[in-house]
Amino acid sequence: MPQPRSRAVFALPELKPNAWDAALVPLAFALLVLLAYGGAQMTTPYDVGEPLPMSLDPLNLPYYLLRSALRMLMALGGSLLFTLVYATAAAKVPALEKVLIPALDILQSIPILGFLSITVTGFIALFPGNLFGVECAAIFAVFTSQAWNMAFSMYQSLRTVPADLIEASDMFLLSPWQRFWRLELPYAVPGLIWNMMMSVSGGWFFVVASEAISVSGQTILLPGVGSFIALAIADRNLPAIGWAIAAVLAGILIYDQLMFRPLVAWADKFKFEQVPGEEVPRSWLLTLLQRARLVRAAARLPGALWEGCASLVRRPGKGRFRAVSLAPVWHLPPWAERVWNAILMLGALAAAVRVALFVHSSVETPEIIRVFLYGTATATRVLVLIALASLVWVPIGVWIGLRPRVAQNLQWLAQFLAAFPANLMFPVAVMLIVHFHLDPDVWTSPLMVLGTQWYILFNVIAGAAALPSDLKDAAHNLGLSGWLMWKRFILPGIFPSFVTGAITASGGSWNASIVSEMVSWGDTKLSAFGLGSYIAQATAAGDFPRIALGIGVMCLFVMCFNHFIWRRMYRLASERLHIG
Amino acid sequence: MSTPLLDLGGVRKTFRTPEGKERTVLEGVDFHLDEGEIVALLGKSGSGKSTLLRIMAGLIPANGGNVRYRGRPITGPTRGIAMVFQTFALFPWLTVQQNVELGLEALGQPRREREERAQEAIDMIGMGGFEGAYPKELSGGMRQRVGFARALVTRPDVLLMDEAFSALDVLTAEALRSDLLELWTERRIPTKGMLIVSHNIEEAVFMADRILVFDSDPGRVRAEIPVGLEHPRDPESTPFRQIVDEVYGLMTASARVGAAAGEPLTIGYRLPATTPGKMISLLETIAEPPFGGHADLPALAEATELPDDTLFHLYEGLRVLGFVRLAAGDIFLTPAGRAFVEADNDRRKTLFAEHFLRNIPLAAHIRRVLDERRGHRAPEDRFLQALQDYLTGDEAERVLEVVIGWGRYAEVFDYDYNAGMLKLPEEEEEGEEAGGGETAGAAE
């Protein structure tokens, strides 16, 4: 039986609300009101030096949470916009690609909290007499924790669009604009959403860390959960910390339920697969949205906008002979290419010299050498801790992953723990270290992986769960057990997922070193020997040459790590140990 | 007669190898497609027929000669020429309806008309009721039906099919071919000419009015066979079988002209994509009854149930090794071939190795390099670079992979996957070192 087609019907009954609407409309309105209120609070008049009212009353926490969540949302929006422009430019124009992709590599390795100290004065100058300048600085810090991996994922998707689909869209005379909306963007969506989730998960850490901003020697506390925590730490108020943890948990949950579940469920259709996946992701909100009549009618508007957008720019030329060949990639003529290369080289050289002069103007050579020593100390910490975390979590993750029931529940928990800003737990650590008179050089180190170890855990769980069942059966059938089982089957099988997790964890740990090598509880301050505490101290003092030096050195270390360790392991994983 | 739909004269296409040298894929191709005819382009894979199709589609430019559609040069994708892809090339995130509408949308047609025409095309191709389905919910045959609907909805003059049926199983492909021919003969589609690129001989004889046999290295039209049969055609009828035989003869003849009769092979010879295991079992089939050392190619195809493309690679492989001889649509075992079949496993390996090193210059080259080298190892890049003087990067890698496969069977050389090095087989390596006389403890 051919089904009746409802699409062409525009009659009014469609607009009559149904029961699903009853649930959804209040929710939608409540969200809108909250967003509008929070947004208005961000742009109140403000002068630097004015203290912002903050209290440790838990009743204020929902409001602070709203402000923090809003910052996250704006940063995410910014990251998305940045990603679309940046990744597309890099993928389409080889001349730009040459700059943009290495730049991304460098940006990825700059410690995020470093951005904050460098950019805040600029943002304040941009909006004089308004709080929005400071807000922008905080948002920008969160943005820098989110944007790079999203842009990279998008760029990789754009570069790997299947050739037959490109040919098909060419045959059907899609313009580059149409091709972007019809082919390239949809193709990139699943990867992009996965990276957005990762970004937000990492972002909570930085939302918390970036709300207390120091400008010219004084600290501005932006209303939010992060400032609440900063205040609670200064006040040695343990119950308040507990409340803050609860608030952040609620925030993570809300983001997951209202944003990512629906997005992931929706994006399932963009997955490039030829057979339906076994498990289709679901979301109550998306189901609600798809069933509510009024909402569906309202969704026609963005739907029509999208359609309009997609067909906005058609191929030039009219009639039968539309004879314009439009390549997916725009090349420069050879001579311009050469000029461009020269400009790039000179620019990079000039920038390097400029930074070197700036740093050297107030920092002596011995100190520079010392900073490299700090870097080595922090690098050692990162390596040792990632190794320790792997020793602990790989067996546990495999145990969980091989039991599908358990995996389903715990996988979610691990993701949740990864999103949880570990800096909330630092005060507890400080108390313990002080109480037992421990050496901060050693004992502040675990804080670095406190938040990032979960990436290892949940990737290992995912890897173990994805081990093909025929291989499992074969391994048992051959009587593999004990170490032989691990050496020949499990470890090689989960290695690719493990490397993915370890890369994320290592990057996160470098970033975390800035807050974890210098921790405080009230007046008690603990500082470890390392690059993180060096940068943190320079930031607190507003000493720009030293901030630049510290960030530059950390950047160098991270890039070396990526190049000499992670990328090799990644290549090994994808070339030799890929199953399937 | 009026202007041909498509008219190609002296078309040339070259690709640049990674080494910067030019490799000619097409040379002096003349072709025309007239109104009301179906033409099939037959050739082995890699003969450049798909490249030619893409030139006609305006997807890639030719390096020389002229390509015209209704008398006007083609410089890019052209309205009026539609294409159906081997891989279907459906957009997985669009429903059947949206996929079909895509071409109309790009032309800026109003929504209402788009929907109506898409509906028509979907019904016509027999996919009514599946408008809302996503491609991943459909079987291969249904997906390709959507591919056809998407191409036909733009009411093209010319329909290009790039191996459009080869990803489908035999029954499904047959059904789809018949349905398409029915639409064509009953003039239910406005399409005025169709071009089928294929390596399936029966398919070509079943559908086409004219068959062009394509030669490789460089690709060019070698022969033209008119098929003067009425639709619908009966694949079991005598005239049909005769044409199939004739095409088989031409296809194998082209293989012979390509190499043995002409200049000797170079190390850039493109080894056919096949394995020793398959070649040996084909040799055995030919040696056994009912063939007894001499087989008619269509009969052999039926007995082995292998697709034509696979078989041609096998024939070519056995021929260059000197185990078979091909003539006029028949295949014969050579004395060497017979000796091989009668030998036991170890003797077979020795024979294979002899023929391999004698007849395949690349094999001899690799062996020589490995023999000369201290440690008897050499990086694969070295050989890839040598191959890239003749072939594109992908093709060079494929050829090296094939030669390694054959070399491993013959135990002439081996390959270390992790290190990316070619080397002599284990025992021989040790033997050579021991025989080198420098080390005292000679093992064997």
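# Helices, sheet and domains: why these words?

Mentor: In H10(B), the buried residues are B:Asp308, B:Leu311, B:Phe312, B:His313, B:Leu314, B:Tyr315, B:Glu316, B:Gly317, B:Leu318, B:Arg319, B:Val320 and B:Leu321. This is a predicted model: local features need pLDDT of at least 70, side-chain atom pairs count only at pLDDT 80 or more, and totals for chains, interfaces and linings use all residues. Residues are numbered from 1 along each chain as its sequence is written, while chains are lettered from A and ligands numbered from 1 in the order in which they are written.

Trainee: What makes H10(B) mostly covered?

Mentor: Of its 14 residues, 12 are buried. Buried means 20 or more other C-beta atoms within 10 Å of the residue's own, exposed means 12 or fewer, and partly exposed lies in between, with C-beta atoms placed from the backbone. In chain B, 41% of the 444 residues are buried.

Trainee: How do you know that the span of H10(B) is close to the expected one?

Mentor: Helix H10 of chain B (residues 308–321) has 14 residues and reaches 20 Å from its first C-alpha to its last. The expected span is 1.5 Å times one less than the number of residues. For H10(B) that gives 20 Å. Helices are DSSP runs of H or I, at least four residues, and strands are runs of E, at least two, numbered from the N terminus. Just after H10(B), B:Gly322 takes a positive phi of about 90°.

Trainee: Why is A:Leu173 called buried?

Mentor: A:Leu173 has 24 other C-beta atoms within 10 Å, so it is buried. It sits in the loop between helix H6 (163–171) and H7 of chain A. Most residues other than glycine have a negative phi.

Trainee: Is A:His437 buried or exposed?

Mentor: Exposed, because A:His437 has 6 other C-beta atoms within 10 Å. Its phi is also positive, about 50°, and it is not a glycine. A:His437 lies in the loop between helix H16 (426–435) and helix H17 (440–443) of chain A.

Trainee: What makes S15(B) and S16(B) a pair?

Mentor: Three bridges join S15(B) to strand S16 (residues 421–423) of chain B. Pairing takes at least two bridges found by DSSP, so these strands pair. They run antiparallel. B:Met421 in S16(B) is the bridge partner of B:Asp416.

Trainee: Why are S14 and S15 of chain B called edge strands?

Mentor: The three-strand open sheet has the order S14-S16-S15 in chain B, with antiparallel pairing. Strand S14 (377–379) and strand S15 (414–416) of chain B each pair on one side only.

Trainee: What makes domain 1 and domain 3 of chain A touch?

Mentor: In contact with 30 residues of domain 3 of chain A are 28 residues of domain 1 of chain A. Contact means that the C-beta atoms of two residues, placed from the backbone, lie within 7 Å. H7(A) gives the largest share of that side of domain 1, six residues. The domains of chain A are domain 1 (55–270 + 279–310), domain 2 (332–362) and domain 3 (364–576), with bounds from an automatic or database domain assignment.

Trainee: Which peptide bonds of chain B are cis, B:His231 to B:Pro232 among them?

Mentor: The bond from B:His231 to B:Pro232 is cis, with omega near -10°. Another cis bond joins B:Pro289 and B:Pro290, with omega about 5°. B:Pro290 sits in the loop between helix H8 (276–287) and strand S11 (294–296) of chain B.
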